[in-house]
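Student: Could you walk me through reading a helix and the pockets beside a fold? I'd like the general idea each time, then the case at hand.

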Amino acid sequence: LEAEKVRLDKLMRALRRLLVLSGLGRPVLVALVGSSWRQAPQPAPARHLYQGALFRLSLEYALKTADETFVLSALHGLVDLDEEIEPHEFTMGDRHVLECVLWASSITNTLTRKLPGLRLRFLGLAGPEYLYPLALRFAGRGWFIDRPLAGMGVGARIAWLKRELGIKRKRTARHS
């Protein structure tokens, strides 16, 4: 009975969220944040499992700018921020080309199921290994991914996100 109550509560929250999103009067901005190699040692909600600096900053930026935010995981696919998942060492580089196509197809189907009937646009805060397969799959649906971090290395991505978030550099004391 308790499990059914939890499931019903989750469904009602999702329906209320869909109602809010459908009332925006514009396409819903969905942020897709790439997962991180650095992870907590035990299962945790996705927002806490991935712990790399780039992930943390990307998530913070996504939460400030997007209407909806999901994590892209090479192993778990499209993950809700509060979904508890296991740590893993699986990367997109571990997938063959056909597996990347199937992964992108699964994510497209999940988005369609989670955000039915909404006009969507995407903010890609992940590396090309995540975004290229998705861009190819999304194009068939008329979806576009804005990729503000495209072509940047990890350090440049971190610097861009810090600038956008208004995070000042820490000054180091000079020794004489």
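Tutor: Let's start with helix length: at 1.5 Å a residue, the 13 residues of helix 3 (residues 53-65) should span 18 Å, and the end C-alpha atoms are 18 Å apart, which agrees. The expected span is 1.5 Å times one less than the number of residues. Helices (H or I, at least four residues) and strands (E, at least two) are DSSP runs, numbered from the N terminus. Bear in mind that this is a predicted model, where local features need pLDDT of at least 70 and side-chain atom pairs count only at pLDDT 80 or more, while totals for chains, interfaces and linings use all residues. Residues are numbered from 1 along each chain as its sequence is written, and side-chain values use heavy atoms, with hydrogens and water left out.

Student: Which residues of helix 3 are buried?

Tutor: Buried means under 20% relative accessible area, exposed over 50%, partly exposed in between (1.4 Å probe, protein chains only). Here the buried ones are Leu 54, Phe 55, Leu 57, Ser 58, Leu 59, Tyr 61 and Ala 62.

Student: What do the buried residues of helix 3 pack against?

Tutor: Contact means heavy atoms within 4.5 Å. The partners are strand 1 (28-34), helix 2 (46-49), strand 3 (68-73), strand 6 (120-125) and helix 6 (154-165). Take Ser 58, a helix 3 residue: its relative accessible area is 2%, so Ser 58 counts as buried. Leaving aside residues up to four places away in sequence, Ser 58 touches Val 33, Leu 125 and Leu 161.

Student: And pockets? How much space lies in the largest pocket?

Tutor: On a 1 Å grid over the protein atoms alone, a pocket is an open set of points with protein on both sides within 12 Å along at least five of seven lines, where a 1.4 Å probe fits; lining residues have an atom within 4 Å of a point. Grid points are joined across faces, edges and corners, and a volume is the space filled by probe spheres set on the points. The largest pocket holds about 880 Å³. Its lining has 24 residues, with Lys 10, Arg 13, Ala 14, Asp 80 and Lys 114 nearest the centre.

Student: Which element gives the largest share of that lining?

Tutor: Helix 1, with nine residues.

Student: What about the second largest pocket?

Tutor: That one has about 220 Å³ of space. Of its 16 lining residues, Gly 34, Ser 35, Leu 54, Gly 127 and Arg 157 are closest to the centre. Helix 3 returns here, giving the largest share of the lining, three residues.
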